[in-house]
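Please examine the sequence and the structure shown below.

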Amino acid sequence: MKIRTGAGACLAFLLCGASLPALAQVTVIQGGTLIDGNGGAPVANSVVVIEGNRITAAGAAGDVQVPAGAEIIDASGKWVLPGLWDAQASYTWQFGEAYLHWGVTSEVDIGLGGEVSIASRDAVNMGLQRGPREWIGIAHFGGFDPEELYGYETPYDGRQLPQTFEALQTHTNLLLDAGSDMIMFHDGNWQPEWVEWACETAHERGKPCTMRATGPIMGINDAANAGIDIIHHARGVSDQLVRDGAEPEGNGDLDKFALMDDAKAEALIDLLVREQVSLVPNIIHEAPGYPADWSEMQRHYEQQFSNPALLAYYDTRFFRQLQNTRRNTNTGAVRERRMPGYQNMLRFYKMFSDAGGKPLIGGDTNGGKVPGSIMHEEMAIFQEAGIEPMKIIQGATSWVAEAMRVSDQIGTVTEGKLADILIVNADPLADVRNLRQIESVIQNGQVIDRDFHASYSVPFAGHDPDHRYTVNDQQWVRAVKREFGTGGQGANAPNPPESPFPAIERIAPTMITQNSPATTLTLTGFNFVQGTQVLIAGEPVPYRRVSGTELEVTLDANLLRRAGRFPIVLKNPEPMERFARWGDGHSNTAYLIVRYPAE
């Protein structure tokens, strides 16, 4: 592909944190075959006009005028499509470059959440952070063991468990007011009327409602009738399909699909299509090793993770988890027993698609998946199921935007939409695997750098699992409290001859806007003594000791000039011999989020 540019034109989007150009540059993609995402016939010899970050015209060459002085991208002999979406991810910043490399310009984050997800989402959308667009739920209701809660969670912590209908109402509105892109139920352990109210409220605000409909109270039929829009993991589907009187040999989806009753499948599909419920199957998650293209998928995985620039910053824990996932494939009698389940699974999604259902492409992308590449794996599996490539493309573009209720903004290559565009070198309608043959990716109107960079990071970087938390290591805090108590309570207590171990339980506020005036930050916890140091990003800062359980920290305006995620640690003075096995006198870490100002 030839790109003709004027002097000073910027073609690299956000490389190393650079911001977008201020001027509304005009770019024209011409000569390619346009697959706009709406499902209609492709347009040969097309013209797509982009002004700034918006598409201002798209169509056949004779119908669209090329503005004078525009930058021209010659896409002759190539195919032009919307940027891809990952409809289900537990996103962390280390996935960013891999997503962009494979043409994934948006991802739906159902996993990590918390305050950092708000700041990170806004930074990407403002063009200040390199990575895919993030569509976030901030927090999910249920889907975890209540014992995992420590009592110190913030209202935006990724895991919430409201105990009353009133608490659910309050929290639903709080999340929507904070800018959540969806309301998420991570299990079916809810009263249907609660879920129906939450979904109606979300819909009134133009947001979808999601669920993993695994019971014990609500199954997939209940979820559809309560107004759920998206079923992640397609949880609840296989439970509904098992033949009466049959008993699966295992508890996995393939064991249940092996006993699929076609009449039950047809009835469920009728309900899902009528109620416009989208399914995200995550087939690699359920059936690694079963796809016909598995060896080719492995080749792409090995190629991606042989890149030293990616490995320079990619978390080794993620990489080990990923290796285990790819090796965790069934063999022998188990594979033979489950293969009919895999075949029925594919057959069910073909039936769903043929009936007018809209299966969405999502990788369940987390530390155990190949970020970016897994989207192409899932699309290849849909093609293996016999679903036509045009519908597969829609399931990775416009249908996701539609399900997320943002199709007025993004998801197709049509006038007025955000300019996230993929240009590929071979016809994806002949073989959807041709989407891997990427020539260029355009995000927010700019041709982006698809390489991996050893220096890659983002302002709000963190590591799973601490990436989601405002205050981490809560198990450690609980253990310190149990073993040593919470001494040093008096406001005027002297430095003890042997310092107790400090611990942070909460910070407030948790998020501050960049360039705010001087602010007081309150830390609560225990074992704060007169000699305690407060370190932000490793530097000591002034504070007032209110008591052994509360500190008021002064955040000078200079500290708030840079956006990011900044660690806060306390350090008590030596000696600390009795506590040596607990560390070196430092507390657990809290994080202050300094978000970018709203546009």
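The report below treats selected features in turn.

## Basis of the report

The model is predicted: local features need pLDDT of at least 70, side-chain atom pairs count only at pLDDT 80 or more, and totals for chains, interfaces and linings use all residues. Residues are numbered from 1 along each chain as its sequence is written, and side-chain values use heavy atoms, with hydrogens and water left out.

Helices (H or I, at least four residues) and strands (E, at least two) are DSSP runs, numbered from the N terminus. Two strands pair if DSSP finds at least two bridges between them.

Strands of a sheet pair through backbone hydrogen bonds, either parallel or antiparallel.

Strand S9 (residues 104–109) runs parallel to S10 and is joined to S10 by 4 bridges. Ser106 has Arg133 in S10 as its bridge partner.

## The five-stranded sheet

A further open sheet is formed by 5 strands in the order S3-S7-S17-S18-S19, and its pairing is mixed.

S3 pairs with strand S7 (residues 79–82) in the parallel sense over 2 bridges. The bridge partner of Leu34 in S7 is Val80.

## Packing of H10 and H12

The axes of helix H10 (residues 294–304) and helix H12 (residues 316–327) come within 12 Å and cross at roughly 165°. Axes are lines fitted to C-alpha atoms, for helices over the stretch in contact, and angles run from 0 to 180 degrees between N-to-C directions. H10 and H12 are therefore roughly antiparallel to each other (an angle over 145 degrees).

Trp294, Met297, Gln298 and Tyr301 in H10 meet Leu322, Gln323 and Arg326 in H12, where contact means heavy atoms within 4.5 Å. By class, this contact has 4 nonpolar, 2 polar and 1 charged residues.

## Aromatic pairs

The structure holds 24 aromatic pairs (ring centres within 6.5 Å). Phe165 and Trp197 form an edge-to-face pair, 6.0 Å centre to centre with 85° between the planes; planes over 60 degrees apart count as edge-to-face. Phe165 lies in helix H3 (residues 165–177) and Trp197 in helix H4 (residues 192–204), so the pair links parts of the chain 32 residues apart.

Terms used
Angles under 35 degrees count as roughly parallel, over 145 as roughly antiparallel, 65 to 115 as roughly perpendicular and the rest as oblique. Ala, Val, Leu, Ile, Met, Phe, Trp, Tyr, Cys and Pro count as nonpolar, Asp, Glu, Lys and Arg as charged, and the others, Gly among them, as polar. Rings of Phe, Tyr and Trp (its six-membered ring) pair if their centres lie within 6.5 Å; planes under 30 degrees apart count as stacked, over 60 as edge-to-face and the rest as tilted.
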